[in-house]
There are 2 protein chains.
Amino acid sequence: MLSNHLQNGMETAKLLWSRVPNSEVEMEANSVAADDNGGYKKHDSSNVESLDYEVIENSAYRQEQAKRGKLYMWYSVAVKWFFALLIGIGTGLAAVFINISVENFAGWKYSLTFSIIQKSYFAGFLVYMLINLALVLSSVYIITFFAPEAAGSGIPEIKGYLNGIDTHGILLFRTLIGKIFGSIGSVGGGLALGKEGPLVHTGACIASLLGQGGSTKYHLSSRWLQVFTSERDRRDLVTCGCAAGVAAAFRAPVGGVLFALEEVTSWWRSQLMWRVFFTSAIVAVVVRTAMGWCKSGNCGHFGSGGFIIWDISGGQEDYSFQELLPMAVIGVIGGLLGALFNQLTLYITHWRRNHLHKRGNRVKVIEVCIVSIITSVISFGLPLFKKCTPCPEADANSGIDCPRPPGMYGNYVNFYCSNNNEYNDLATIFFNTQDDAIRNLFSAKTIHEFSAQSLLTFLVMFYSLAVITFGTAVPAGQFVPGIMIGSTYGRLVGMFVVSFYQKLNIEEGTYALLGAASFLGGSMRMTVSLCVIMVEITNNLKLLPLIMLVLLISKAVGDAFNEGLYEEQARLRGIPLLESKPKYQMRTMTAKEACGNQKVVYFPRVVKVADVLSLLRGNNHNGFPVIDHTRSGETLVIGLIMRSHLLVLLQSKVDFQHSPLPCDSRGGPVPIRHNLTEFVKPVSSKGLSVNDIHLTPDDLEMYIDLAPFLNPSPYIVPEDMSLTKVYNLFRQLGLRHILVVPRASRVIGMITRKDLLIEDNEDADSVELQSTSVRDQQPGDRRRLRRKGDTQQPLLDGLIV
Amino acid sequence: MLSNHLQNGMETAKLLWSRVPNSEVEMEANSVAADDNGGYKKHDSSNVESLDYEVIENSAYRQEQAKRGKLYMWYSVAVKWFFALLIGIGTGLAAVFINISVENFAGWKYSLTFSIIQKSYFAGFLVYMLINLALVLSSVYIITFFAPEAAGSGIPEIKGYLNGIDTHGILLFRTLIGKIFGSIGSVGGGLALGKEGPLVHTGACIASLLGQGGSTKYHLSSRWLQVFTSERDRRDLVTCGCAAGVAAAFRAPVGGVLFALEEVTSWWRSQLMWRVFFTSAIVAVVVRTAMGWCKSGNCGHFGSGGFIIWDISGGQEDYSFQELLPMAVIGVIGGLLGALFNQLTLYITHWRRNHLHKRGNRVKVIEVCIVSIITSVISFGLPLFKKCTPCPEADANSGIDCPRPPGMYGNYVNFYCSNNNEYNDLATIFFNTQDDAIRNLFSAKTIHEFSAQSLLTFLVMFYSLAVITFGTAVPAGQFVPGIMIGSTYGRLVGMFVVSFYQKLNIEEGTYALLGAASFLGGSMRMTVSLCVIMVEITNNLKLLPLIMLVLLISKAVGDAFNEGLYEEQARLRGIPLLESKPKYQMRTMTAKEACGNQKVVYFPRVVKVADVLSLLRGNNHNGFPVIDHTRSGETLVIGLIMRSHLLVLLQSKVDFQHSPLPCDSRGGPVPIRHNLTEFVKPVSSKGLSVNDIHLTPDDLEMYIDLAPFLNPSPYIVPEDMSLTKVYNLFRQLGLRHILVVPRASRVIGMITRKDLLIEDNEDADSVELQSTSVRDQQPGDRRRLRRKGDTQQPLLDGLIV
């Protein structure tokens with residue numbers, strides 16, 4: 001028979017758990033750790049940390065919440081929306097700041113170089129190279145010595161975080177600062193990388209910092225903090241932040257929502273979508289307002305060329321059937337080059353981590369400087385070898401200046417050409433900011449602007465630059481370089497199509513756009529979100545079906561070779577992302593086989609402190625089943641306790657007791673003396689480790705009752721369930737642990753859809769009453785029932801470690 | 001101890017289940033039935049039928065599949081994609097057919113009426129009314145006497161189907177035909193309804209018919225059929241069909257994908273999204289090709305005005321802060337009017353079902369005729385009372401003719417105005433196809449085309465017409481009427497804004513667009529998908545953030561009053577959709593409380609046929625736990641068997657046996673003599689009922705071994721799990737049944753993320769080997785283990801009914 005006190009304790013815990021706002025989704029965090037060399041170390045929480053969505057709320061808080069009831073729910077919802085607003089504004093402003101800075105640095109750099117070129121090429125080159133070097137150096141310095149976690153795009157890490165795996169340091173205030181200023185340096189310095197990935201990371205950092213009430217240095221009021229005691233709420237904020245980042249990076253609000261929900265999180269909830277949507281809309285408004293303000297010339301070089309929108313609405317309106325073949329070819333090329341890009345970057349990053357970056361920070365700085373110099377030499381030097389082209393005469397009435405006036409944005413860069421009616425096509429794409437280069441590649445009505453030779457040269461050189469730049473110690477996005485590469489070969493194909501189907505009204509710019517979509521599809525393997533982003537950044541809906549088809553082909557081709565860029569990188573960094581589809585061989589495996597020969601470490605309900613400590617030291621598991629003995633000596637699994645919660649209990653010591661009896665055996669509810677927030681690990685710290693616990697010998701002799709702190713109903717599966725089913729359960733619910741239990745001996749009831757249909761409007765009170773009355777009447781019955789069951793429970797000895 | 005034969009049987013069943021392609025998602029179908037009066041009848045499968053995702057594959061098929069292995073998987077994937085292609089083409093062609101027909105009927109109607117008007121108004125009106133009446137009559141006749149399931153929009157039913165509740169007859173060939181021709185009649189006949197909802201239903205019908213290999217009358221080859229033996233695959237096809245329908249209705253491929261995944265299905269899988277995406281792209285290509293072909297004049301009246309795209313790309317490019325307030329006002333109006341619309345249609349539909357439509361088909365026909373006549377009178381008569389307006393002079397250079405030439409599409413309808421420089425603003429919206437009316441309302445550069453009085457009149461009259469038309473026995477979509485209503489009040493607000501902020505460059509058309517978005521948001525409560533659809537149909541990305549904000553407001557306002565249109569209608573029809581969020585009171589309830597006092601009906605593993613029959617007659621449950629006795633007499637739940645599968649077994653009789661011993665006790669694997677497809681209920685039939693079973697007294701004395709046919713590992717939850725958790729499990733995995741079991745007495749293992757990370761590339765063989773070796777070695781161990789467990793299993797008597 002279950003003793004009364006267990007009943008009480010269980011009721012307390014159940015209430016606790018059922019009251020947690022939205023406690024229904026638990027997140028899986030992992031006992032797999034990543035080492036820098038890319039392998040998985042099992043059961044080591046040194047680097048990748050575990051995160052719990054399993055929150056405990058103390059009884060004072062719970063009572064307060066119960067009093068407030070629905071009013072409190074409204075308050076909590078309102079605060080969530082308010083934070084979504086803040087995230088939108090913050091990310092929007094960060095994006096504006098980065099863009100203004102980059103555009104100003106780049107604009108100043110190019111105009112200075114151009115003016116010096118008039119006198120001496122060499123001096124011009126030197127100035128150009130030195131400015132680039134200085135900018136890049138500032139970036140790599142910030143990253144290496146101040147915020148090492150801000151290197152790279154950050155998307156794999158954020159993806160990992162939202163799937164439950166916390167890489168240390170990715171959401172710190174330091175990282176945010178490093179990301180913003182590092183991006184400015186590396187993008188302004190002309191490296192073959194973009195600022196879009198980092199902006200997603202920036203948005204996530206802003207969201208996370210807001211969610212925990214600022215950095216550790218300055219806290220907001222604690223009233224606000226209380227709303228975000230659950231890890232899940234914080235993760236939701238980070239999802240909003242991701243969407244805001246994409247929305248800000250591309251001015252693509254819908255693309256941002258879809259990116260966050262397709263690519264980043266592993267599950268989908270309509271309530272969250274709704275808030276993410278709002279955040280994106282706010283970002284769009286903020287960015288638009290800032291750009292309106294800048295239009296009046298307040299932002300220096302940041303003008304119409306500033307924020308990404310490669311408007312191709314003036315381009316090709318229609319397509320004919322003959323074009324589908326070359327478009328399919330673009331898709332195939334995109335898939336091949338994208339997969340190759342993923343593979344090459346994987347090798348290089350692997351090599352870099354294992355050989356180069358182990359030698360210390362100085363090597364990292366030198367490496368980036370060398371890359372910067374190479375980039376400068378190529379982008380300045382190669383156009384010098386290219387002959388100038390006379391301006392096309394037919395384009396005189398298309399409204400495009402040739403050559404473009406100095407210091408302006410546009411096609412037909414004059415560069416070193418002496419003749420006023422000439423331009424250098426290689427300089428048009430090379431010696432330019434990436435945004436402008438893409439604008440030139442996408443541009444319509446500029447047939448024959450580029451020679452095939454120039455495009456090929458650029459493709460090869462830029463592809464190589466992008467590959468070697470990837471993985472250096474600077475913030476680096478792959479969107480813009482991907483678009484550059486893709487639009488180059490897209491335009492190449494377009495040139496052939498133009499000369500082949502001379503009758504049709506074909507624009508090379510359209511093919512450049514399709515090429516960009518195909519390369520991104522082949523590399524990142526996104527679908528709907530990428531499609532929407534492409535449409536939003538080019539502001540042309542008419543090409544949507546073509547973009548969709550090209551994406552389909554390139555993704556299919558790429559998938560034949562390897563995984564997507566982010567997945568590959570996440571794997572390299574040891575972030576164990578679960579794929580959307582279970583592996584083929586799981587079909588023949590059962591849940592039990594997945595557990596392997598792993599020994600289950602149990603805790604009894606009331607446990608000696610010394611035992612807890614030795615058990616925690618003895619293994620690295622993150623969750624432990626808790627069992628209790630009924631009076632007749634039988635065992636019963638009463639829940640799951642988290643390592644992190646145990647550590648908090650051990651550190652605070654307030655729950656230690658002298659008696660080995662459950663704390664509620666003395667009657668009355670269990671008082672919980674903890675502040676709610678103690679159990680939530682701050683993102684900015686590494687969390688408690690068992691080595692942080694210092695206990696006196698007296699402490700070690702005391703006992704602790706775990707019942708109020710455990711999760712009383714973790715998800716369970718029977719031992720012989722197919723592993724595919726388990727996998728889907730795990731992934732769809734974002735779980736952390738699943739307990740594998742023996743087949744049940746009986747069924748208490750069946751839940752079908754109708755059991756879950758509870759009318760709330762008019763019947764709310766009666767249902768509430770009914771459930772309360774069930775609650776009030778039931779204990780006796782339930783106990784009787786359980787007593788009956790309990791007497792039949794087997795005695796399982798030797799299972800408690 | 002478990003006997004050997006049970007082991008064998010279980011292994012067989014497990015293999016069966018684990019081999020089912022993608023068997024991991026089970027769908028919930030329901031034992032709740034809808035009666036026509038809107039209440040729920042519990043446990044009655046008469047009208048709404050249960051659907052199983054739980055498929056059984058026979059051993060021959062399984063062996064064949066095992067032989068083919070991965071090759072077979074590729075084949076199956078290829079067939080799925082091929083079907084997606086077919087669905088895209090089919091839906092695209094259906095949409096083209098409907099549009100061409102509607103445009104031709106309407107065009108012919110208006111040109112005839114216009115030419116008669118020149119002689120006699122009364123004769124013109126008579127002809128107009130009679131043509132409308134004839135078209136509507138054809139529609140209602142088809143619906144009433146041929147395909148009653150094709151009435152309404154069909155979206156609530158499809159939504160129900162994809163959530164596991166099959167309303168009888170919604171996916172028949174008859175319904176498809178009724179939907180297509182009914183839509184042509186009702187839309188061509190000028191009723192206040194749209195063809196978009198019906199197109200979604202049409203797409204779903206096409207997909208479902210393809211999935212089951214044509215109608216019952218003509219079958220495709222059975223080889224193809226074999227791929228879609230699982231209900232889940234068929235449902236996936238229907239999801240593709242829905243997306244194709246939206247994509248075809250609005251020429252909005254991305255909107256279609258999002259609609260299918262946000263609004264229609266309750267879960268989200270990236271593989272499916274990918275295929276849905278492809279289908280939508282195909283639809284877009286098909287529609288575009290057909291329109292290109294029609295441009296050369298092959299399609300009669302179907303010209304540029306045909307397929308919906310209300311291009312407003314020439315409109316307002318920018319917005320200023322002062323405009324945000326009136327836009328918010330539009331959002332509020334949209335929320336209020338939308339909620340009111342939902343409420344009114346709910347009352348009227350309820351009344352119609354309970355009083356009017358019970359009186360038979362004749363009443364339905366008469367009702368629709370009366371509605372048609374009222375619509376004709378209003379749309380012809382009201383403009384007569386309106387004075388003609390002189391054409392604006394300033395617009396002479398905007399390229400818009402005033403009055404428009406007869407027989408053309410455009411603004412400024414002359415109607416009865418004698419003067420060649422006059423037009424009738426009410427006729428411009430009333431006496432026009434809805435597509436053209438919306439185009440006029442959205443049109444830019446036509447400030448002061450409409451008077452406030454006309455717009456108000458139209459708003460009131462059209463709103464009333466839309467309310468009374470809703471729920472009549474014709475195919476009816478609510479998208480286009482919603483856009484009409486919304487754009488009318490939007491334009492009204494726009495007029496006030498124009499006169500208030502005279503300095504700003506404001507277009508009334510932009511406000512009309514926002515109004516349309518707000519009304520749809522307030523009524524249908526969709527978010528991202530609606531936003532994308534609005535952007536795609538108006539071909540203007542610049543207003544995206546504004547549309548998002550307006551949608552947010554109108555949805556929030558609407559949600560304060562009632563549920564979305566589709567949810568309300570689904571509830572009225574007794575389709576038990578699970579909301580995305582669990583109810584508040586579920587937080588304090590447990591799984592056991594949800595089961596209520598429901599008695600669990602068990603089957604033993606080997607059961608007498610007579611017992612099966614009496615049990616099936618005695619209740620209406622759809623799933624039954626199966627238990628077995630170990631040799632020591634203890635019980636063990638070995639799985640769940642479906643009512644529909646039992647009925648198939650009873651009908652076919654091939655598995656009857658004389659011995660009460662398990663069929664595998666004689667050694668060897670269990671031969672399954674069933675064709676795979678027998679267990680899949682065809683969508684076009686009502687499925688087997690227990691009354692269809694006719695058994696001889698000899699049969700009744702025989703036994704049947706259920707082990708090969710049951711689902712050996714249904715999802716289980718412990719009895720005291722919080723109901724919110726159960727709810728999420730149910731909804732996220734699309735479950736059908738959850739077994740509630742007692743708390744486990746021990747834990748066999750824990751599954752964490754790392755246990756689910758199986759490297760496949762190079763290690764595939766070794767893992768496969770390993771798992772095989774586990775499989776080979778384990779049985780002994782496992783049996784020993786289980787033996788140990790089994791001896792400790794309690795003896796539970798009296799649980800087997």
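I'll start with chain A as a whole, then go through some strands, a helix pair and one proline.

First, the housekeeping. This is a predicted model, where local features need pLDDT of at least 70, side-chain atom pairs count only at pLDDT 80 or more, and totals for chains, interfaces and linings use all residues. Residues are numbered from 1 along each chain as its sequence is written, chains are lettered from A and ligands numbered from 1 in the order in which they are written, and side-chain values use heavy atoms, leaving out hydrogens and water.

So, chain A. It has 27 helices and 15 strands; helices here are DSSP runs of H or I with at least four residues, strands are runs of E with at least two, and both are numbered from the N terminus. Of its 801 residues, 65% count as buried, and buried means under 20% relative accessible area, with exposed over 50% and partly exposed in between, using a 1.4 Å probe and protein chains only. If you take the chain A contacts with a separation of 6 or more, residues 24 or more positions apart account for 79% of them; a contact means heavy atoms within 4.5 Å.

What does UniProt say? Its unreviewed entry lists transmembrane regions in chain A, among them residues 324–345 and 455–473. Those positions use the numbering used here, the feature names are shortened, and annotations may be inferred rather than shown by experiment. In the model, residues 324–345 of chain A are 100% helix, with end C-alpha atoms 31 Å apart. For residues 455–473 of chain A, the helix share is 79% and the ends lie 29 Å apart.

Now over to chain B, and strand β9, residues 623–629. Because 6 of its 7 residues are buried, β9(B) is largely enclosed by the rest of the structure. Which strands pair with it? One is β7(B), residues 603–604, parallel over 2 bridges, with B:Phe603 partnered by B:Val626. Another is β10(B), residues 635–642, antiparallel over 7 bridges. Pairing, by the way, takes at least two DSSP bridges between two strands. B:His629 has B:Thr635 as its bridge partner in β10(B). β9(B) and β10(B) form a hairpin with 5 residues between them, and B:Gly633 in the turn has a positive phi of about 90 degrees.

Here's one that involves both chains: an open, mixed sheet of 3 strands in the order β15(A)-β14(B)-β13(B). β15(A) and β13(B) stand at the edges with a single partner strand each, so one side of each is left without a neighbour in the sheet. Between β13(B) and β14(B), residues 738–741, there are 3 bridges, and the two run parallel. B:Val717 stands opposite B:Val740 there.

Next, a helix pair. α5(B), residues 155–162, packs on α9(B), residues 231–250, at about 150 degrees, with axes 10 Å apart. That makes the two roughly antiparallel, a label for angles over 145 degrees; under 35 is roughly parallel, 65 to 115 roughly perpendicular, and the rest oblique. Axes are lines fitted to C-alpha atoms, for helices over the stretch in contact, and angles run from 0 to 180 degrees between N-to-C directions. Residues making this contact include B:Tyr161 of α5(B) and B:Arg234 of α9(B).

Last stop: B:Pro481. Where is it? B:Pro481 sits in helix α17(B), residues 479–500. At 3% relative accessibility, B:Pro481 counts as buried. Leaving out residues up to four places away in sequence, B:Pro481 touches several others, including B:Gly194 and B:Phe462.
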